[in-house]
Amino acid sequence: MSEKKQWFTISVYSENNVGLLNRISGIFLKRHINIESLNVSKSEIENVSKFTIVVHTTEDWVHNIVGQVEKQIEVIKAFYHTDDETIYQESALFKIASHLLFDERQIQNIIKESNSQIVTVSRDFFVLAKTGRKHEIDEMHDQLEPYGIMQFVRSGRIAVSKEAMQITALLNGIHK
Amino acid sequence: METIKEKKVETKSPKSIRISGAEAIIHCLLEEGVDLLYGYPGGAIMPVYDELYKFQDKLTHILTRHEQGATHAAQGYARVSGKVGVAMATSGPGATNLVTGLADAQIDSTPIVCITGQVARHLLGSDAFQETDIVGISTPVTKWNYQITKASEIPEVMAKAFYIAKSGRPGPVLIDITKNAQIDELDFTYEKCTGIRSYKPVPSPDIAAIEAAAELINRAKKPYIVFGQGVILGEAEEQLKALVEKAGIPAAWTIMGESALSSSHPLNVGMVGMHGNYGPNILTNECDLLLAIGMRFDDRVTGNLDTYAKQAKIVHFEIDPAEVNKNVKVDLAVLGNSKETLEILLPMVKENRHETWHGEFKKKHEIEYDTIIKNDIHPTKKGLTMGEVIEEINLASKNKAVIVTDVGQHQMIACRYAKFEESKSNITSGGLGTMGFALPAAIGAKMGAMDREVVAIIGDGGYQMTIQELGVIFQHQVPVKIVVLNNDHLGMVRQWQELFFDSRYASTVMTNPDFVKIAEGYHIEAKRVTKREDLKSTIQEMIASDKPYFLEVKVEKEDNVFPMIPSGASVSDIRLK
């Protein structure tokens with residue numbers, strides 16, 4: 001395993017229980033490893049939640065962490081993947097003053113070229129939604145910044161692995 | 001709580017009874033075979049204590065003098081009996097006082113269930129009197145925890161608590177119960193928990209891995225076993241002994257594993273780690289095969305990882321997959337319960353003798369005996385040594401006592417020199433290093449093994465951290481023998497200050513009270529020994545007594561424990577002086 005730091009996406013399948021987020025985040029805290037992004041949602045299996053956690057660390061550490069996470073009673077299974085092994089996306093919302101749409105022609109070009117969507121337009125502001133990789137969202141942010149962004153927010157990463165995560169089979173095995 | 005909802009089959013058993021949550025808790029404990037628990041009452045847990053009063057013919061509650069004492073007593077009880085220890089406390093400070101014991105039980109894999117009262121559901125989050133987020137606080141130091149806010153949850157959650165605490169790699173569980181859930185009624189039926197879908201307590205043995213291990217054992221010229229508490233928790237003592245004897249492999253132990261193999265066994269070569277034996281440490285870096293059985297490569301065992309057993313193939317027999325490759329990268333992992341995996345391994349292993357290799361351990365032992373052990377247990381200097389006290393306890397108890405130790409020099413000396421014939425006999429705070437552990441743990445150990453002699457060996461520092469538990473010993477006439485090895489210092493810290501901080505004894509000198517008078521204040525028979533000629537007879541008198549007995553031995557003030565692997569050094573660099 002490598003000592004080199006890189007990006008890892010940790011996927012955790014778990015029961016949907018109060019307190020489990022605290023238990024999982026504590027494992028990172030204890031090792032002084034920062035969570036770069038976190039997303040919790042339902043998964044492809046009924047009543048099973050999925051945590052998607054992004055960290056920048058070494059494979060030794062991510063292996064250690066996944067072992068500790070999986071050990072938690074209510075965690076069904078945990079996996080880690082490098083960026084190459086996953087398909088991943090993030091979403092971002094930009095809130096921008098409406099007059100800029102007419103005063104600054106370049107903004108319309110940015111909207112077209114970035115493949116973003118206008119979610120809403122009001123007299124005072126409009127909202128752009130952009131889905132993509134982190135660097136694409138960063139680029140769009142950099143382009144819009146000179147004109148003034150009223151509010152900006154980006155979601156945690158969501159990811160699916162290229163290889164199958166053998167969760168359903170595992171659960172079926174346990175049910176038997 | 002999804003799992004619970006899912007598993008709950010809503011059929012009202014004809015046997016169901018309508019009772020309060022508090023009474024349900026008692027029934028759950030009885031269903032789990034609990035007849036003894038330790039605790040301390042308070043506002044938020046009073047409904048349960050009221051039921052304990054009604055059920056006192058079936059369930060004995062021992063009032064410790066501090067909640068920390070309740071957790072350590074529950075630990076001591078669990079460690080000698082192999083059963084789950086139970087501790088109870090109220091909300092707020094009662095609950096936070098459990099944290100040290102939970103952390104100790106977590107790192108030393110001890111099965112305990114702690115039950116805490118909590119303010120009523122409608123007061124949660126209001127900063128009510130004695131409200132504290134004990135579930136949040138205890139999360140990192142529990143195997144599992146849960147807050148019950150409805151009476152109907154009690155039977156299923158309690159069943160889960162006991163199952164989780166005891167199964168797989170054991171550990172502490174905390175169940176926090178709001179006051180309304182104790183008062184409200186439920187239709188009570190009880191079903192023991194036998195499985196949880198997201199939790200696999202014991203990995204299934206992999207035959208290919210066991211075959212590979214056998215192959216390595218059969219080929220090895222200098223095989224070496226280091227075993228830990230996993231052997232005791234997995235009840236694999238017989239299998240370990242059989243492997244050691246059949247393959248002729250010298251075996252050393254971590255302090256948590258001590259007593260799993262009889263001290264007198266010819267292939268028991270002693271203790272590994274910072275103050276372990278000379279041969280077992282040095283030869284870790286000379287073996288060609290290291291079999292680590294039910295141990296977790298703690299830093300106090302390995303020293304510097306970069307120079308730990310690099311020449312050897314390492315096989316790790318382990319129940320917890322997260323321990324594999326955590327500290328030491330191994331060549332082969334054999335996952336599973338050690339009893340089961342060793343059982344499968346045994347027929348595959350060829351009979352062997354490694355006499356030359358075993359001879360290396362004997363040679364190293366002679367060096368250690370001449371330079372250290374002889375002076376420790378048969379000293380010729382004036383002052384009393386801790387080692388000679390342990391040796392006299394061995395002789396008087398015929399190596400049959402349960403030895404409960406605290407943390408520090410006396411602990412290392414006791415682990416080095418105490419002799420054991422039976423398993424589950426060395427009770428100590430290994431991973432967390434909790435001063436104050438021994439006195440309450442000895443109470444629990446005695447109650448968990450009433451037919452056995454229990455001797456607590458404690459330093460003058462740690463003794464004063466939980467000294468109030470003398471009250472329990474007095475009130476219930478718990479016949480434990482308490483030996484305080486008094487050097488008027490926090491000895492281990494003082495030793496480090498002497499060796500690594502130019503003898504600057506910052507806050508390690510203790511002006512102690514009259515310990516004999518304190519014990520006598522609790523009406524416990526008490527003696528003090530200051531001279532060698534009184535030691536043997538007093539220890540014999542203590543062991544012969546069938547009552548609680550306190551013995552203070554004034555030992556040399558500035559003795560050091562050797563051998564020693566300085567913190568961060570290699571096992572090869574173990575110092576004899």
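Chain B contains 24 helices and 20 strands. The model is predicted. Along its principal axes, the C-alpha trace of chain B spans about 70 × 60 × 40 Å. The radius of gyration is 24 Å. A compact globule of 577 residues would have a value near 25 Å, so chain B agrees with that expectation.

The packing of the chain was examined next. Of the 577 residues in chain B, 56% are buried.

One sheet was followed strand by strand. Strands of a sheet pair through backbone hydrogen bonds, and the pairing is either parallel or antiparallel. In chain B, six strands form an open sheet with parallel pairing. Their order is S11-S10-S9-S12-S13-S14. Strand S11 (268–271) and strand S14 (332–335) of chain B stand at the edges. Each has a single partner strand, so one side of each is left without a neighbour in the sheet. From one strand to the next, the twist averages 20°.

Within this sheet, strand S12 (residues 289–293) of chain B runs parallel to strand S13 (residues 313–318) of chain B. Five bridges join the two. In one of them, Leu291(B) has Val315(B) of S13(B) as its bridge partner.

Helix H10 (residues 207–219) of chain B lies across strand S9 (223–227), S12, S13 and S14 of chain B. Helix H10 runs at about 125° to S14(B).

Definitions and conventions
Residues numbered from 1 in each chain as written. Chains lettered and ligands numbered in written order. Predicted model: local features only at pLDDT ≥ 70, side-chain atom pairs only at ≥ 80, totals over all residues. Helix = DSSP H or I, 4+ residues; strand = E, 2+ residues; numbered from the N terminus. Rg over C-alpha atoms; globule rule 2.2 N^0.38 Å. Buried ≥ 20, exposed ≤ 12 C-beta atoms within 10 Å, placed from the backbone. Pairing = 2+ DSSP bridges. Axes fitted to C-alpha atoms, helices over the stretch in contact; angles between N-to-C directions. Contact = placed C-beta atoms within 7 Å.
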